[in-house]
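The sequence and the structure come first, and the text follows.

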Amino acid sequence: MAYIVSKASRRIFVIQQLLKAGTAIIDILTVYCSIVRSVLEYACQVWHSGLTLQQSNEIESVQRRVMRLILPDVSYKESLKILGIEKLTVRLNVRVMNYIIYYQEELYLSVMIHITCAKSTRSLFRSAGPTGH
């Protein structure tokens with residue numbers, strides 16, 4: 001987890017440079033989502049459930065730092081509201097739940113196809129009747 005936080009943290013430099021250049025906040029948010037948050041969320045369906053509270057806080061701290069850069073005089077919670085961004089822990093939970101729901105549906109469809117094929121095969125053999133051998 002330290003590697004992910006470190007990698008995302010190094011990318012905050014780009015955000016700092018954009019702020020110094022006077023880039024519009026909407027564009028900075030786009031860059032943040034593209035090059036920083038994407039690192040923090042990559043493959044979260046695999047590792048998110050195994051995070052400790054400390055690790056979750058470390059991940060959230062990266063976003064907290066970016067929000068403080070963009071809106072330095074506003075609290076984290078308020079900056080999220082102003083900028084229309086969710087806490088990372090919320091986003092990660094939603095992504096994991098969507099992943100689970102998607103694969104439950106896939107599993108259900110797979111089972112239903114298997115059952116349907118099995119029924120079709122049985123009815124095919126029944127309709128063929130005895131071969132007379």
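## Glu-58

Glu-58 has a relative accessibility of 27%, so it counts as partly exposed; buried means under 20% relative accessible area, exposed over 50%, and partly exposed in between (1.4 Å probe, protein chains only). Glu-58 sits in helix α5. Its C-alpha is 8.4 Å from that of Ala-2, although Glu-58 and Ala-2 are 56 residues apart in sequence.

## Basis of the model

The model is predicted: local features need pLDDT of at least 70, side-chain atom pairs count only at pLDDT 80 or more, and totals for chains, interfaces and linings use all residues. Residues are numbered from 1 along each chain as its sequence is written, and side-chain values use heavy atoms, with hydrogens and water left out.

## Overall make-up

The protein has seven helices and zero strands, giving the pattern α-α-α-α-α-α-α along the sequence. Helices (H or I, at least four residues) and strands (E, at least two) are DSSP runs, numbered from the N terminus.

Of the 133 residues, 26% count as buried. The protein exposes about 9100 Å², and carbon and sulfur atoms supply 61% of that area; accessible areas come from the Shrake-Rupley method with a 1.4 Å probe, and for residues only the protein chains shown count as cover. Contact means heavy atoms within 4.5 Å. Among contacts between residues at least 6 apart in sequence, 67% join residues at least 24 apart.

## Helix α5

Helix α5 covers residues 53-70, which is 18 residues. From first C-alpha to last it reaches 26 Å, close to the 26 Å expected at 1.5 Å a residue; the expected span is 1.5 Å times one less than the number of residues. The buried residues of α5 are Ser-56, Ile-59, Glu-60, Val-62, Gln-63, Val-66, Met-67 and Ile-70. An α-helix has 3.6 residues a turn, so residues three or four places apart point the same way.

## α2 against α5

The axes of helix α2 (residues 12-20) and α5 come within 10 Å and cross at roughly 5°. Axes are lines fitted to C-alpha atoms, for helices over the stretch in contact, and angles run from 0 to 180 degrees between N-to-C directions. α2 and α5 are therefore roughly parallel to each other; angles under 35 degrees count as roughly parallel, over 145 as roughly antiparallel, 65 to 115 as roughly perpendicular and the rest as oblique. On the α2 side, Ile-12, Ile-15, Gln-16 and Leu-19 meet Val-62, Arg-65, Val-66, Leu-69 and Ile-70 of α5. By class, this contact has seven nonpolar, one polar and one charged residues. Ala, Val, Leu, Ile, Met, Phe, Trp, Tyr, Cys and Pro count as nonpolar, Asp, Glu, Lys and Arg as charged, and the others, Gly among them, as polar.

Leu-69 belongs to α5 and is partly exposed at 30% relative accessibility. Apart from neighbours within four places in sequence, Leu-69 is in contact with Ile-12, Ile-15, Gln-16 and Leu-19. Leu-69 and Leu-19 are 50 residues apart in sequence, and their C-alpha atoms are 8.1 Å apart.

## α1 against α3

The axes of helix α1 (residues 2-10) and helix α3 (residues 25-41) come within 8 Å and cross at roughly 175°, which makes α1 roughly antiparallel to α3. Ile-4, Lys-7 and Ala-8 of α1 make the contact with Val-36, Val-39 and Leu-40 of α3. By class, it has five nonpolar, no polar and one charged residues.

Ile-4, in α1, is buried, with a relative accessible area of 18%. Ile-4 and Leu-40 are 36 residues apart along the chain, and 6.3 Å separates their C-alpha atoms.
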